[in-house]
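Subject: Handover of a structure, with notes on a sheet and the cavities

Dear colleague,

I am passing the structure below on to you, together with an account of what was found in it. Please read the notes with the coordinates open beside them.

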Amino acid sequence: MAGAFAGALILLCTSIVFSWPVEAGRNDPVAIAQEERRKAFDSPAGSCLQWTPPEGADMRRVDCAQAHLFEVTSNVDISAEYPENAPPPDTEKWQEIAVAKCTPGAVTYLGGNLDPFGKFSVNALKPTNEQWAEGDRKVRCGLQSAAPSGALLTTVGSAARQDQSKIHEPGTCLALVGQEIGDPVPCDQVHAFEIVGNVDLGAAFPAEYPAVEAQTERASDLCAEVTTAYTGGADLAKKGLTPYPDTLRPESWAAGSRKVDCRVGAKLPDGSGLAPVTGSVRAVPATPPPATQPPPGAPTPSGG
């Protein structure tokens, strides 16, 4: 299981040093911010944390109903393996530690299933070098959502009560990096796909994992209605665009994921890959006519 998550792991190396100015008063904004960071860094399981990447100087606890970058699943002490005078692990070793120590707790936290290709990945906050020198041997384990580049994405709501399907909000455009799918970008920039909606394959396949061909066929049917609603019935072929329904892997299906994205993109002229697309295919809602006022003295309609 650990190996399945190694590729998705992005270790958060925080640069926060928890120290307080000696003369700081109780209402000193600096002292208050530092106290917020201290509390956030040592949060119990179930806490959600938010900060401004990449430094995290404003790390703080927030209600999980608010946008956040990290949800704490457990705190694991590794002092048995790294006693008082042990040097801190290097980055590669920290990644191994995080996978080994954090994955079991994350699976439990999510009710026994973690989709290795889903919305959330296992991660960890590690002590700074200063904290390590002072004896801190705690790994703060949690879940996060990350873009292909590793950039963190905000989520809303507790991961423990969410569908883990890796779907995007309709209107999201994903960058084209060579022939790879990149991070979300504004749709007026060059992109590979625009997400026009999501569909659930669970009702169509209530039992065992369906073959990719069967998923594609059913998703295409379901996505057709979603795409029409999103585009206002635009002729995609005339625009050189093609619907691309997503599919699920066996590991995702086994973890309970059933939803996929409905995507729109374009093929290169020779059909060898994806072509860059610029601009959204979303239909612009019609502007309702302005309300007219009755002329002075006209009777006012009444109910009944």
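Predicted model: local features only at pLDDT ≥ 70, side-chain atom pairs only at ≥ 80, totals over all residues.

Five strands make up an open sheet with antiparallel pairing, and their order across it is E8-E7-E9-E11-E10. At the edges stand strand E8 (180-185) and strand E10 (242-245), each of which has a single partner strand, so that one side of each lacks a neighbour in the sheet. On average, and with direction ignored, neighbouring strands of this sheet are turned by 35° against each other.

Going through the pairings in turn, E7 and E8 run antiparallel and are joined by four bridges, with Ile 181 in E8 as the bridge partner of Leu 176. Strand E7 (residues 173-177) also pairs with E9, again in the antiparallel sense, over two bridges, and here Cys 173 has Glu 194 in E9 as its bridge partner. Between E9 and strand E11 (residues 259-265) the antiparallel pairing extends over six bridges, and Gly 197 stands opposite Cys 262 in E11.

Strand E9 (residues 193-200) has six of its eight residues buried, and it is therefore largely enclosed by the rest of the structure. Helix H5 (residues 212-231) packs on the sheet, where it touches E9, E10 and E11, and the direction of the helix makes about 115° with that of E9.

The cavities

Sorted by class, the lining of the largest cavity has five nonpolar, five polar and one charged residues.

The second largest cavity has a volume of about 30 Å³, and its lining consists of His 191, Phe 193, Glu 194, Leu 241, Val 264, Val 277, Gly 279 and Val 281. By class, these residues divide into five nonpolar, two polar and one charged. Glu 194, which belongs to this lining, is also the residue of E9 that was named above as the bridge partner of Cys 173.

With best regards

Methods:
Residues numbered from 1 in each chain as written. Heavy atoms only, no water. Buried < 20%, exposed > 50% of the residue type's maximum accessible area, 1.4 Å probe, protein only. Pairing = 2+ DSSP bridges. Nonpolar A, V, L, I, M, F, W, Y, C, P; charged D, E, K, R; others polar. 1 Å grid on protein atoms, 1.4 Å probe; cavity = no way out; pocket = protein on both sides within 12 Å on 5 of 7 lines; lining within 4 Å. Points joined across faces, edges and corners; volume = space filled by probe spheres on them. Axes fitted to C-alpha atoms, helices over the stretch in contact; angles between N-to-C directions. Contact = heavy atoms within 4.5 Å.
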